[in-house]
Amino acid sequence: IVSESTHTRHLRAAPPSHTRGASAMETVLPHPALGTKLAYLDEIRCPDDEERFKEFAESGTPCVLRGLASQWPFVLQRSPAPNSAASATPPAPPPAGGLGAELRRRMGSRTCRVSFEPGPTLFGFDVPEGWSAPALGDRCPDEVVEVAEDGNGQPRLVNPGRLSMPFASFWEACEGKCRGGSSSSKSVARVRNEPYDLEEQDLAVAQSHHGPSDAPFDVPLRVLERFALYCVEDAKDWPQDVLDSLSAEDPAASLLPAWRPRLAERRLWMSAGGPAPAPPSAEAEAPDAKAPGAGGAGAGATAAITAGFHWDHMQNIHVVLSGAKEFFLLPPLAAPALHATRFCQQAQWHLRPDGVATLEAMQSCESSSDYAVVALNEDYATNSSRCSAMQEVWAEHQPLWSVLRAGDAIYIPPGWWHSVRTWQPRLAEQGVPFSLSVNFWYTLTDDAAAAHRSKLFTLQVLSCQRAMVGNPLTHLEKFWAKLEAQGCRSDAWARYDDSLRREGTADSPRRDSEGYEWAD
């Protein structure tokens, strides 16, 4: 039994198990958003047990890597958080001004793109009242769902707004949030709205052809402090010596050297928590390592921002360098519990020069990722009314959970659904005014590709079948055309297509292992 804070009073939990193969340890009470108990993620203590990582990677099983980055320069120069399991070694004295000050000095003039969100959820759905997902086994609808301004009664994916601004302005806005909103009314940032429905290669062209409504304008920092702010940067755009001060090495070097040549991308993630400034006493509101809270409106949601459930195609090692993050994971075949798709109408927040955020429709009806209707910032009654499959799926697939602090990392295999909650930094951790993490994405080895292929195929099919706009069969045919262009066997699609049209959808793929044979 643990002491309860504002965010954790909903649940009490048993201590986690650190032994793989032991009976799963779980929270005592169900999670208020999911309606079921959460199992603790398996953990590897670094560096002592790093050789065990190969077992997790080969089986495609997620795990927490406690203390993986405890000796990285940026972690060493910081004061450890209370109850942190990152390292038992006292940190070295920080350099003059600290690495955080050097980061601001070096990167302050750089233009970055910052996502902003008035609510506590990134990439959540605006769901019409009374809407519910089709029950498991319902036939795939043959009629086309026409795109219309009113959304035709279907959920709409709400993307965060995107602002280009100097990195120094993002830093100052985060500082203001951590102090409880103390920026001067005279402090402004020069910003410009950027679209989400353009490919990266088209963004530079779009920026050179902005209309009057997208012209740069000044906005008071105190306005930005009201929103959840999230800056995601591609590491290749940062100076190498700055990156070296943050992440000392590729974690694959010690975990699985065969992955090193397969490092495809590194991204830096920075956020000062949820919308509206939390009070300076927010240090008491950080997540308890033994009891997850709902994070909803009644639980002090402004201290955290939560990204909706989604999945990735590559191997992912996510390393926390400052602050705290909660990770909620579900296996690929738990997809029916979430009702996720990438085919849906979309909207994006847009900031006006007067500081008012408006929601504007997007042209694209295909998101870059599959996102789930079920959300951690909703209560269970709401989630279950929208997706009745939840309890049926929980009988076979238990959600996993863990809290990571500075120096910790997590391995997320391809296809695993994950929702990440980023907390406002503790006051004692403000070497930088935001939670900072870096993730490493690796392409799959041939063996891993063969092992994951059928599940990833099934996720793609389910995304088409769950489409909230357009004809699901048309989406499936386009998906298969892409696979055929890559040299996939046409007879596999013929068998699947024939079964789909004869039997309906495969919303519960765990009942039909033959589908994976087709995928292989």
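Me: Is Arg110 buried, exposed or partly exposed?
Reply: Burial is read from relative accessible area, taken with a 1.4 Å probe on protein chains only, where buried means under 20%, exposed over 50% and partly exposed in between. Arg110 is partly exposed, at a relative accessible area of 24%. This is a predicted model, in which local features need pLDDT of at least 70 and side-chain atom pairs count only at pLDDT 80 or more, whereas totals for chains, interfaces and linings use all residues. Residues are numbered from 1 along each chain as its sequence is written, and side-chain values use heavy atoms, with hydrogens and water left out.

Me: With which residue does Arg110 form a salt bridge?
Reply: Side chains of opposite charge can pair when their charged atoms come close. The rule asks for a side-chain nitrogen of Lys or Arg within 4 Å of a carboxyl oxygen of Asp or Glu, and by it the structure has 20 salt bridges. Arg110 pairs with Glu233, their closest N and O atoms being 2.6 Å apart. The two are 123 residues apart in the chain, Arg110 in the loop between α3 and β4 and Glu233 in strand β11; helices (H or I, at least four residues) and strands (E, at least two) are DSSP runs numbered from the N terminus. Glu233 is buried, with a relative accessible area of 5%.

Me: How far apart are the closest N and O atoms of Glu58 and Lys54?
Reply: They are 3.9 Å apart in this salt bridge. Because Glu58 and Lys54 are four residues apart in helix α1, about one helical turn separates them. Glu58 counts as exposed at 58% relative accessibility, while Lys54 is partly exposed at 45%.

Me: How many aromatic pairs does the structure hold?
Reply: Rings of Phe, Tyr and Trp (its six-membered ring) pair if their centres lie within 6.5 Å, with planes under 30 degrees apart called stacked, over 60 edge-to-face and the rest tilted. The structure holds 17 such pairs. One of them, Phe53 with Trp259, is edge-to-face, at 5.6 Å centre to centre and 85° between the planes. Phe53 lies in helix α1 and Trp259 in the loop between α8 and β12, so the pair ties together parts 206 residues apart in sequence. Both Phe53 and Trp259 are buried.
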